[in-house]
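Biologist: I would like to learn how to read a structure such as this one. Could you take me through it feature by feature, giving the general idea before the case at hand?

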Amino acid sequence: MAAGAGTGAQFVDRVVLHVAAGNGGNGCASIHREKFKPLGGPDGANGGRGGSVVLVVDSNTASLLEYHRRPHRKAANGRPGQGGNRTGADGADVVLPVPDGTVVKEGDTVVADLVGEGTRFVIARGGQGGLGNAALATAKRKAPGFALLGEPGEERDVVLELKSVADVALVGFPSAGKSSLIAALSAAKPKIADYPFTTLVPNLGVVSAGDIAFTVADVPGLIEGASEGRGLGHEFLRHIERSSTLAHVLDCATLEPGRDPVSDFEVIERELQAYDRVLGDRPLSDRPRIVVLNKVDVPDARDLAELVRPEFEARGLKVFEVSAASHEGLRELSFAMAAMVEEYRASLPPAEPTRIVIRPEPVDGGAEFEVKDLGDNTYLITGGKPVRWLRQTDFANEEAVGYLADRLARLGVENALTEAGASAGATVLIGTPDDSVVFDWEPEIVAGEVAAGPRGTDRRLDGYS
C-alpha cells in the first residue's frame, strides 16, 4: 500500500523487490615464468566472491518507499583471479535498510520475519569465485591448463510487507479520535482533521507510564467489510497483528446517523474476528482489549459514555472515559495500558536476536544426486553438486571438461547410470528438464584418471569433441 503525493504522505508498506547477487569472479589459469625458469608451476589465483544483497533492520527507516521507487537491486560481481597468485577482489555487498517489523515473502511462503534493530538477513547470496589452476594442482596434475568459472549469484523476487511493531493498537472507525489520542499520549505528531480516512499511514508513539515505556500504534480507521478488503482492508489490518493489546477507541460525539459506541464496537469486533483466519495460532480475538470512550469533553458525549459504560463492563471489559482535547482520563488510561503490556512481556520467552523463518540452503545443496530414466535411453541427473560443477566448467576447454567427468565419476554418477540401464550413446541431461546441459554418454571413456597431454586438452576426448 502506498500513500502518494496526492494524500500529502509518503508511506509504502508493501513492495515487490527484485534482487540479484553478484557473480563470482572466474579463476585464472596461469603458469609462472621467469628467466631460466620457463615452467615455474601454476600461479593462477582464485576469483573473488560476488556481493550479496542483505536486508538490515534500521530504526531510522520508517517506510518501504525507497524500494517502491527503485525495486531492482543488484550487488557487484567478484573480480577474476590473476597470475602471480593475485586473488580477485570480492564484490561489494548491497545493504538495504528496512523498517522494524518487515516480513519477507516469496510467493505465499514467509522467508523471514525481521524484528529488532540490526537484524540481518541475506536475501540473495553472492556466487563463489572460481578456483585458479594453482588451487587445482595435484601430484598427478601438476600444471592444470584450466581454471573454474565463478558461480552466478542468486536472483529472487520477494515481497516486503511492513507490520507495525507496537505493544498497543488503537482500533476504531475513521474520525474516532485515535490520532488525537496518540498525539495526547505521546510525542507523536500525526496529521489530524475531521473527515474520514484522515490517517492513511499507521502512526507510532512511545508512551511512558511510571517505569514502563511502550509503543502505541494509531491504526488507520476500519470500516465494516474491512476483513474482506473493503476500504483500506487488509492493508491496515496487518498492522494490528504484532500488538499484544487492543484498545477500542469509540467516538461518543459522532453525528453520523445509525452510529453509537456499542454498534461501532460490535462492527470492529466482527472485522477483527473475521481476520483471525489468516493469523494462525495467535488470533486477534484472543488478545486482551480495553474500551476507550473518547471525546467526553463534549457534554452530550459524556452523557452517552455514562449510559453505555455499564454495558461494556458487563462484558468484562475495562472502560475508560477520556478526552484527547482536555487530557481528561489519559493518565489512568496510560497506566492501565502499561500494566497489560507488562503482563504480556512477562509471559514471553527470552527474546531471540533474530527471527529468521527459513534459512538459505547450503551452497553445495547437499552431496546427493538422483538419476531418473526418461525413456529412449535418456537420463536426467539432478543434485546440488552436479549442477554446481556444471556452472564452474569452461566447456571450451577440453581439460576442464575432462576434470568435470572425473568429479562426476568420483561422485558415483557413472556407476549410477550403469545401474539404471544406460547404454553407450545414452543422452544424459544434468540439471532440470527445462534447464540442463546435454551429454552423450560413452562408457568406454575411462573417467577418474588424468590423461597426459598438452595443457588445456584431454586425450580421452579425442574423436568426441
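Modeller: Let us begin with burial: a residue is called buried under 20% relative accessible area, exposed over 50%, and partly exposed in between, using a 1.4 Å probe and protein chains only. By that rule Arg73 is buried, because its relative accessible area is 11%. This is a predicted model, in which local features need pLDDT of at least 70 and side-chain atom pairs count only at pLDDT 80 or more, while totals for chains, interfaces and linings use all residues. Residues are numbered from 1 along each chain as its sequence is written, and side-chain values use heavy atoms, with hydrogens and water left out.

Biologist: Where does Arg73 sit, and which residues does Arg73 touch?

Modeller: Helices (H or I, at least four residues) and strands (E, at least two) are DSSP runs numbered from the N terminus, and Arg73 belongs to strand E5. Contact means heavy atoms within 4.5 Å; not counting residues up to four places away in sequence, Arg73 touches Leu17, His18, Val19, Ala20, Glu66, Tyr67 and Leu96.

Biologist: Is Gly91 buried or exposed, and which residues is Gly91 in contact with?

Modeller: Gly91 lies in the loop between E5 and E6, and Gly91 counts as buried because its relative accessibility is 5%. Leaving aside neighbours within four places in sequence, Gly91 is in contact with Arg49, Gly50, Gly51, Ala76, Asn77 and Gly78. The C-alpha atoms of Gly91 and Ala21 are separated by 9.3 Å, although these residues are 70 apart along the chain.

Biologist: How should I read the confidence of the model?

Modeller: pLDDT is the predictor's confidence in each residue, from 0 to 100. Here the protein averages a pLDDT of 82, and 81% of the residues score at least 70. Where pLDDT is low, the predicted coordinates should not be read in detail.

Biologist: How do I read a sheet, and what is the order of the strands in the open sheet of 3 strands?

Modeller: Strands of a sheet pair through backbone hydrogen bonds, either parallel or antiparallel. Two strands are said to pair if DSSP finds at least two bridges between them. The open sheet of 3 strands has the order E6-E4-E9, with mixed pairing. Its edge strands are E6 (94-98) and E9 (120-124), each of which pairs on one side only. The twist averages 30 degrees from one strand to the next, where axes are lines fitted to C-alpha atoms, for helices over the stretch in contact, and angles run from 0 to 180 degrees between N-to-C directions. Strand E4 (residues 53-57) pairs with E6 in the parallel sense over 5 bridges, and Val54 stands opposite Val95 in E6.

Biologist: How do E17, E18, E19 and E20 pair?

Modeller: Strand E17 (residues 370-375) and E18 are antiparallel over 5 bridges, and in E18 the bridge partner of Lys372 is Leu380. Their hairpin has 2 residues between the strands, and Asp376 in it takes a positive phi near 55 degrees. E18 and E19 run parallel, joined by 4 bridges, whereas E19 and E20 run antiparallel with 7 bridges and are linked by a hairpin through 2 residues. E19 is mostly covered, with 5 of its 7 residues buried.

Biologist: How do I read a helix, and why does the span of H6 agree with its number of residues?

Modeller: The expected span of a helix is 1.5 Å times one less than its number of residues. The 16 residues of H6 (residues 299-314) should therefore span 22 Å, and the end C-alpha atoms are 24 Å apart, which agrees. A bend at a residue is the angle between axes fitted to the seven residues ending there and the seven starting there; H6 bends by about 35 degrees at Val308, with Pro310 following within four residues. The buried residues of H6 are Ala301, Ala305, Val308 and Phe312, and they pack against strand E14 (245-251), helix H5 (261-275), strand E15 (289-294) and strand E16 (318-321).
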